[in-house]
Amino acid sequence: MTPYFKTPKNNHYFFGYYDKSPVSLDNSKHLALEVDFINRLPDRNDNARVGYFDLVKNDVIFNELTTTKTFNWQQGCMLQWFGDKNTQIIYNDLVDEKFVSIIFNLKTKDKIVLPLAIYTLSNDSKFALCIDNERHYWIRRGYSYDGIYNQEKNKNIVENDGIYLLDIDNKQIKRIINIVDVINNKPLSNMQNGAHYLEHIMISPNNQRFVFVHRWKTDDGGIYTRLYTANIDGKGLYLLNDSGRISHFCWKNNSQIFGWGGTQNTINRLRKYKNIVKFFIKPLLPLYKKIVSGNAIDGVSKISSLVTGDSYILFDDKSSNKQKIPLNILNQDGHPSFSPTDLNWIVTDTYPDRFGVLQLILFNIKTKEKIVVDKLKSMQVYDNSPNRCDLHPKWSFDGEFVSVDTMNDGVRGIYVYKID
């Protein structure tokens, strides 16, 4: 499919993560960040220009609105539409040595500064869920912001870490998830000496529950991941997947979550135990990595599927019920989200294959129909680095457009597709 719109090649443009729409509610504007470099991680001396492109005129002129010092290549600055989703935006920034979020009015140019950087915003724009970005700098550099170097948060467990609820109207902050409580929930021996953190928060469509991951680094050199859901007030915590393997996911509706991860198998169960990891799994780690290393490039094979248990899975919240998508249909990890107007259709993507080609995919979860919308090239020098450019496909609010970040033209850019 030929893109409906492409950003110009005169500079680098991108948006960020796959869980929010860069297109305004009336489909007239596409938000973007403009930068002058792509070959390194951003630091506090860098500014990204925040603005939009006019989709009605199909105009390649970038309309700059403001700037931000807090951005990374994977999630941008959490830029997104706010309020009526036509005249206001919200994004993160560094102000007076604090990570904050800012509401910006496109008509008046007025700014409202909120006391915490946001991670995910409710769809009614009344509240946001947040993490400790000072902590995230030390633990997840490719997904963090440069600029504050708090050594007190450079340790395996930061006891006041967690997930916070930011009330937009009154600017009040409340911690709703304490990381210590999560660690103590059905603890595993492989948690010992692990560096723990929380991330990838997404709010359900009705704003009643949210999903997130608890991750820690294990003695085998890998990362163990648990998938949790909870009520917006932090109560009703539910451990949805404890296989140790979960990557990208999204809400299908208010009670189901769709994502790529592993189910329980013998190897995943053994990884829970510190001594087994240390004395048995760690010596076999080179073989393990060799078996699964091709998953992101060539897809999950029968052998690696037996080892990891990986596939796309539809989870029922607060339940052990789950449905696996057959690997002969979708066999590669990607960044999925459901069409806002037809929950049978998913848009997702793949990582670059050995030739540096990524696929943009539409998939019908009911009929199992798969459509490869486009194949785009990466810049292979960045493929295995934090500077890589994942497609991160994003729907418009009405499901008419899908937007991706891409390096297909030799620059970091944005393609927009009109979905029939």
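## Aromatic pairs

Rings of Phe, Tyr and Trp (its six-membered ring) pair if their centres lie within 6.5 Å; planes under 30 degrees apart count as stacked, over 60 as edge-to-face and the rest as tilted. By that rule, Phe5, Tyr13, Phe53 and Phe62 make up one aromatic cluster. This is a predicted model: local features need pLDDT of at least 70, side-chain atom pairs count only at pLDDT 80 or more, and totals for chains, interfaces and linings use all residues. Residues are numbered from 1 along each chain as its sequence is written, and side-chain values use heavy atoms, with hydrogens and water left out.

The whole structure holds 20 aromatic pairs. In one of them, the ring centres of phenylalanine 37 and tryptophan 73 are 5.5 Å apart and the planes meet at 70°, so this pair is edge-to-face. It links distant parts of the chain, 36 residues apart. Phenylalanine 37 sits in the loop between β3 (29-35) and β4 (48-54), and tryptophan 73 in the loop between β5 (63-68) and β6. Helices (H or I, at least four residues) and strands (E, at least two) are DSSP runs, numbered from the N terminus. Both phenylalanine 37 and tryptophan 73 are buried. Buried means under 20% relative accessible area, exposed over 50%, partly exposed in between (1.4 Å probe, protein chains only).

Phenylalanine 53 and phenylalanine 62 form a tilted pair, 5.4 Å centre to centre with 55° between the planes. Phenylalanine 53 counts as buried because its relative accessibility is 0%. Phenylalanine 62 has a relative accessible area of 14%, so it is buried too.

## The chain as a whole

The protein chain has seven helices and 28 strands. Of its 420 residues, 61% count as buried. Contact means heavy atoms within 4.5 Å. Among contacts between residues at least 6 apart in sequence, 55% join residues at least 24 apart.

## Nonpolar cores

A nonpolar core is a set of buried Ala, Val, Leu, Ile, Met, Phe, Trp, Tyr and Cys residues joined through side-chain atoms within 4.5 Å. The largest has 42 residues. Those with the most contacts inside it are Leu129, Ile163, Ile168, Ile177, Ile201, Phe210 and Phe212. Neighbours within four places in sequence aside, leucine 129 touches Ile118, Tyr119, Thr120, Ile163, Tyr164, Leu165, Ile176, Ile201, Ile203 and Phe210. Another core, of 25 residues, lies apart from the largest one; Phe15, Tyr52, Tyr382 and Cys389 are among its members.

## The second largest pocket

On a 1 Å grid over the protein atoms alone, a pocket is an open set of points where a 1.4 Å probe fits, with protein on both sides within 12 Å along at least five of seven lines; lining residues have an atom within 4 Å of a point. Grid points are joined across faces, edges and corners, and a volume is the space filled by probe spheres set on the points. The second largest pocket has a volume of about 840 Å³. It is lined by 29 residues, and the closest to its centre are Asp19, Lys20, Asn123, Ile203 and Phe397. Elements giving two or more residues to this lining are β6 (80-82), β10 (120-121), β14 (196-203), β18 (246-251) and β22 (337-338).

The lining divides into 14 nonpolar, 11 polar and four charged residues. Here Ala, Val, Leu, Ile, Met, Phe, Trp, Tyr, Cys and Pro count as nonpolar, Asp, Glu, Lys and Arg as charged, and the others, Gly among them, as polar.

## Positive phi

Most residues other than glycine have a negative phi. Histidine 200 is not a glycine, yet its phi is positive, about 50°. Histidine 200 lies in strand β14. At 5% relative accessibility, histidine 200 is buried.

Lysine 171, also not a glycine, has a positive phi of about 60°. Its place is the loop between β12 (162-167) and β13 (173-178). Lysine 171 is partly exposed, at a relative accessible area of 37%.

Asparagine 92 belongs to strand β7 (residues 88-95). At 0% relative accessibility, asparagine 92 is buried. Its C-alpha is 6.2 Å from that of threonine 70, 22 residues away along the chain. Beyond neighbours within four places in sequence, the contacts of asparagine 92 include Thr68, Thr70, Cys77, Met78 and Tyr145.

Methionine 1 is in the segment before β1 (5-6). With 46% relative accessibility, methionine 1 counts as partly exposed. Methionine 1 and lysine 375 are 374 residues apart in sequence, but their C-alpha atoms are 9.1 Å apart in space. Leaving aside neighbours within four places, methionine 1 contacts Val373, Asp374, Tyr417 and Lys418.
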